[in-house]
Every structure is written in structure tokens, then in C-alpha cells.
Amino acid sequence: RAKKKNPDPGFADFAQSHFRQYERITGQLRVNENAYDRQRSRMGDAFYPKAGQIIDTGRDELSAIDKMAADVERQIVKRSKYSRRRTYVDDADISYINERNKKFNEKCERFYGIYTEEIRQNLERGTAL
């Protein structure tokens with residue numbers, strides 16, 4: 001039922017994924033209506049500021065701060081459990097001597113691979129100058 005209500009469209013870009021996380025987190029928040037009414041009655045007309053007006057709402061309650069801290073801790077724990085396994089290709093050419101060199105070679109290939117493709121093919125065929 002939850003998947004029908006909030007289907008996962010898949011990864012498009014980071015802005016959309018962050019917005020989806022923001023919607024999920026704010027959807028879990030519950031408003032304390034009693035505290036809201038108390039603050040509105042205490043502030044009067046200043047509760048509804050005009051454009052460009054800065055308001056001072058006072059200090060936050062310790063329970064609200066603790067609740068926010070617990071939520072952030074829960075997000076950190078959830079994030080630490082998520083880890084995507086990378087696929088290992090057995091047939092790939094080994095052009096590295098250690099893991100750090102492997103990462104470097106992957107970056108070079110990603111950025112300069114289209115420019116060096118012809119040179120690499122010539123070296124493999126033995127027709128390089």
C-alpha cells in the first residue's frame with residue numbers, strides 16, 4: 001500500500017533524490033498544535049510577518065531539539081547501513097598494480113578514453129608509430 005502511495009520513480013538526478021528525501025522526512029513530522037496555538041496567541045499579529053520582516057520566535061523547546069537530534073542520528077544509522085555492491089568483471093583487462101592505481105586508471109579512462117581509443121587500438125594491433 002505504501003508503494004502505491006509513494007512509488008519510487010528511480011534515480012534521475014541528485015536534486016530529485018534530495019527533494020524525495022525531504023518530502024519523506026517532512027511527511028513523518030507531526031505538528032504540536034497546542035504549542036503552535038500558544039506561540040500564535042503569544043506573538044499576536046507578529047506571527048504572520050510581512051515581506052522582508054524578520055521575526056524572533058524565541059527559544060526552541062529542549063524536547064523539540066532532542067527530537068530533531070534523534071531523527072538526525074536515525075538518518076545517520078540508516079545511511080551507514082546502505083552500501084551498494086560494485087560488480088566485479090572477471091574478463092576486464094588488468095592495467096593496474098594496486099587499488100589506488102586501479103581507481104586512477106578508471107578516472108583516466110572515464111575522462112580521456114574517447115581521445116586515446118585509437119592510440120590504444122594501434123598499440124594492440126602493433127601498428128603504432
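This is a tutorial dialogue on reading a few features of a predicted model.

Me: Where do Asp37 and Arg40 lie?

Reply: Helices are DSSP runs of H or I with at least four residues, numbered from the N terminus. Asp37 and Arg40 are both in helix H3 (residues 33-43), three residues apart, about one turn of the helix. Arg74 and Asp71 have that spacing of three residues within helix H4.

Me: Is Asp37 buried, partly exposed or exposed?

Reply: Buried means under 20% relative accessible area, exposed over 50%, and partly exposed in between (1.4 Å probe, protein chains only). Asp37 has 36% relative accessibility and therefore counts as partly exposed. Arg40, at 33%, is partly exposed, and so is Glu109 at 40%.

Me: Which residues make the nonpolar surface patch?

Reply: A patch is made of residues with over 30% relative accessible area and no salt bridge; like charges are joined within 9 Å, and nonpolar side chains (Val, Leu, Ile, Met, Phe, Trp, Tyr) within 5 Å. Areas come from the Shrake-Rupley method with a 1.4 Å probe, and for residues only the protein chains shown count as cover. Here Leu62, Ile65, Met68, Val72 and Ile76 make a patch of about 480 Å². Met68 lies in helix H4 (residues 62-81) and, at 54% relative accessibility, counts as exposed.

Me: What is the angle between H2 and H4?

Reply: Two packed helices are described by the angle between their axes and the distance between the axes. Axes are lines fitted to C-alpha atoms, for helices over the stretch in contact, and angles run from 0 to 180 degrees between N-to-C directions. Helix H2 (residues 14-28) packs with H4 at about 135°, with the axes 13 Å apart. Angles under 35 degrees count as roughly parallel, over 145 as roughly antiparallel, 65 to 115 as roughly perpendicular and the rest as oblique. H2 and H4 are therefore oblique to each other.

Note on methods:
Residues numbered from 1 in each chain as written. Predicted model: local features only at pLDDT ≥ 70, side-chain atom pairs only at ≥ 80, totals over all residues. Heavy atoms only, no water. Salt bridge = Lys/Arg side-chain N within 4 Å of Asp/Glu carboxyl O. Helix = DSSP H or I, 4+ residues; strand = E, 2+ residues; numbered from the N terminus.
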